[in-house]
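Me: Hi! I would like to learn how to read a protein model, one feature at a time. Could you guide me through this one?

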Amino acid sequence: MHKEPEPAWKPQPQPQAADKPSGVRMALIGLATCVIMAGAGVHFMGGGHGNTATPAAENNTQDHDNSANRMGIPLTLIASQKAAQALAKSDYTEQEQADILAGIKRRDIRLVAMPVYDATGAGGTITLICGPWHHTVHLSPTPQTVILPITISGNVDIIPASDPGPTGIGSGAITVFGPQTLPIMYKGDTLPLTVIAQ
């Protein structure tokens, strides 16, 4: 009986198309990356939600649930060694200043500067709420710097303190990146912000 030798194994040539991704495939990967990054940016800046203001009563009862709906706003951090000087120029009472300084020493609180202005020319008055502290500002075209004591969560709520009327109150803030117009608020609205101290 004659046994034929088995043929030697030869590697099969691979098609070169599998080695290199095609231009169409790379374009699709790039497009998908851009869409994901744009979606993350819209989510971070609070876009895509229409009017980001929510009723005040709902905001107070669902503060933790609304954290995803908060608009991020980068503000300038005030160094702890300059905190007393900054608070002395603010409208906080002596007792409030002492409480805030004690919180800064415990590292529970950070101070940020938030220049606010009238963005629409309609005027109005707003109240900024940071935990137990409230600060009322009469809006004008010239920015007025408000010193905000920010807790670890960095949440600030803005509510209309005067009747917004049918046109609403349009405020703006000077961020570390420049002026930013905030959503217009109407009667009963609360504008929830998350401060990013930089």
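Me: Where does R107 lie?

Reply: R107 lies in the loop between α5 and β3. Those labels follow DSSP runs, numbered from the N terminus: helices are H or I runs of at least four residues, and strands are E runs of at least two. Before we go on, please keep in mind that this is a predicted model, where local features need pLDDT of at least 70, side-chain atom pairs count only at pLDDT 80 or more, and totals for chains, interfaces and linings use all residues. Residues are numbered from 1 along each chain as its sequence is written, and side-chain values use heavy atoms, leaving out hydrogens and water.

Me: What is the phi of R107, and is R107 buried or exposed?

Reply: Here is the general idea: most residues other than glycine have a negative phi. In this model, R107 has a positive phi, near 65°, although R107 is not a glycine. R107 counts as exposed, at 70% relative accessibility. The cut-offs are under 20% relative accessible area for buried, over 50% for exposed and in between for partly exposed, with a 1.4 Å probe and protein chains only.

Me: R107 follows α5. How many residues does α5 have, and how far does this helix reach?

Reply: To judge a helix, compare its reach with the expected span, which is 1.5 Å times one less than its number of residues. Helix α5 covers residues 94-106, so 13 residues, and reaches 18 Å from its first C-alpha to its last, close to the 18 Å expected.

Me: Which residues of α5 are buried, and why do they line one face?

Reply: The buried ones are Q97, I100, G103 and I104. Seen down the axis of α5, they fall within an arc of 125°, so they line one face of the helix. That arc is taken from the directions from the helix axis to the C-beta atoms. The face turned away from the buried side carries the exposed residues E94, Q95, K105 and R106. The cover over the buried residues includes α4 (83-88), β3, β5 (133-138) and β6 (144-151).

Me: How many residues does the largest nonpolar core have?

Reply: In soluble globular proteins, nonpolar side chains tend to be buried together. A nonpolar core here is a set of buried Ala, Val, Leu, Ile, Met, Phe, Trp, Tyr and Cys residues joined through side-chain atoms within 4.5 Å. The largest one has 35 residues, and M114, L148 and I158 have the most contacts inside it. Strand β3 (residues 109-118) gives the largest share, 6 residues.

Me: What is L148 in contact with?

Reply: Contact means heavy atoms within 4.5 Å. Leaving aside neighbours within four places in sequence, the partners of L148 include Y92, L111, M114, C130 and V156.

Me: Now two threonines: where are T125 and T120?

Reply: T125 sits in strand β4 (residues 125-130), while T120 is in the loop between β3 and β4. T125 is buried, with a relative accessible area of 10%, and T120 is partly exposed at 44%. Not counting residues up to four places away in sequence, T125 touches several residues, among them T136, H138, P160 and I169. With neighbours within four places left aside, T120 is in contact with G170 and I184.

Me: How far apart are T120 and T181?

Reply: They are 61 residues apart in sequence and 9.0 Å apart in space, C-alpha to C-alpha.
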